[in-house]
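Q: I would like to learn how to read a protein model. Where do we begin?

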Amino acid sequence: MEKNELIKQINGNQVMDSRDVAKMIGKRHRDLMRDIRRYINDMATSAKLRALDFFIESTYEDAKGETRECYLLTKQGCEFVANKLTGKKGTIFTATYVGLFNEYEAEHNGKVAAIDNGLEHEKLAYKREWLIEMRKQNVNKQHELRNQDVKLYLELGKVADEYQRPGMAVDFRNEAIRAMSALPVGARREYSATEIGNIIGVSPIAIGKWANKLGIKRDADMSYRDHDGAWRYFPEALKVFQDNALEIQDDDLGL
């Protein structure tokens with residue numbers, strides 16, 4: 001039995017079953033089939049695109065012994081589906097299918113040494129695109145990017161585990177550890193409401209309340225809201241809180 005069972009060779013094409021693709025992207029198979037049929041219809045209007053280069057009609061036998069339709073996706077087909085996805089799902093699926101196709105080619109061409117370098121280049125390329133998009137969405141907040149970086153690598157590690165790719169899983173988790181241990185270049189120290197509350201002796205609720213009153217939450221140079229909805233404060237904000245500490249303390253005590 002081949003090591004990589006998700007990639008098959010059909011009539012000279014390396015393909016992946018639409019059922020496996022649906023599982024990898026978290027979509028019902030029937031919904032993916034509907035999408036693929038729509039893609040094929042769209043391609044029919046273009047003289048430059050040939051649907052068979054992307055999607056090949058096929059069938060399988062279900063648990064009841066009944067014949068069901070499916071599609072076999074070439075590497076181009078997987079890329080087409082990945083391009084239709086947004087955010088993390090697209091990144092995870094891209095990294096996974098690229099690794100699987102690279103492994104298959106390495107196994108059958110006897111070029112095992114080439115797989116890690118190929119995967120690394122693909123992974124870094126898509127990672128770079130993801131970071132660019134995250135910078136747009138999060139106003140270039142370096143700490144938020146680092147946190148999202150960690151989460152992404154951990155999810156990639158889970159996907160690698162599911163498809164029994166221990167080497168890939170270890171690499172992804174090591175990347176997460178490196179991201180967690182390093183402060184992003186150019187990033188500033190930041191504080192949670194709890195940390196600032198401990199510094200000036202008030203509750204986190206008081207910090208949130210006074211961040212609004214002092215206009216701190218309206219100033220991107222002093223604060224931002226992270227991916228989980230929690231407010232994070234920069235040293236400039238801490239100074240404003242400290243300058244108003246007595247008033248904040250009295251208010252927190254109800255004086």
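A: With burial. A residue is called buried under 20% relative accessible area, exposed over 50% and partly exposed in between, using a 1.4 Å probe and protein chains only. Buried residues make up 43% of the 255 residues in this protein. This is a predicted model, in which local features need pLDDT of at least 70 and side-chain atom pairs pLDDT 80 or more, while totals for chains, interfaces and linings use all residues. Residues are numbered from 1 along each chain as its sequence is written, and side-chain values use heavy atoms, without hydrogens or water.

Q: How many helices and strands does the protein have?

A: Both are DSSP runs numbered from the N terminus: helices are H or I with at least four residues, strands are E with at least two. The protein has 11 helices and 6 strands.

Q: Which residues of helix α9 are buried?

A: Helix α9 covers residues 204-213, and its buried residues are Ala206, Ile207, Gly208, Trp210 and Ala211. To see what they pack against, look for contacts, meaning heavy atoms within 4.5 Å. The buried residues of α9 pack against α8 (193-200), β6 (231-233), α10 (235-243) and α11 (245-253). Just after α9, Gly215 takes a positive phi of about 75°.

Q: What sits over the ring of Trp210?

A: A charge counts as over a ring if NZ of Lys or CZ of Arg is within 6 Å of the ring centre and within 35 degrees of the ring normal. The charged end of Lys213 sits over the ring of Trp210, 4.0 Å from its centre. Elsewhere, the charged end of Arg19 lies over the ring of Tyr60, at 3.9 Å from the centre.

Q: How many aromatic pairs does the structure hold?

A: Rings of Phe, Tyr and Trp (its six-membered ring) pair if their centres lie within 6.5 Å; planes under 30 degrees apart are stacked, over 60 edge-to-face and the rest tilted. The structure holds 10 aromatic pairs. One of them is Phe54 with Phe80, edge-to-face at 5.7 Å centre to centre and 75° between the planes. Phe54 is in the loop between α2 (29-43) and β3 (55-61), and Phe80 is in helix α3 (residues 75-84), 26 residues apart. Phe54 is buried at 9% relative accessible area, whereas Phe80 is partly exposed at 21%. Tyr39, Phe54, Phe55 and Phe80 form one aromatic cluster.

Q: How many disulfides are found in the whole structure?

A: A disulfide is a pair of cysteine sulfur atoms within 2.5 Å. The search finds 0 disulfides.
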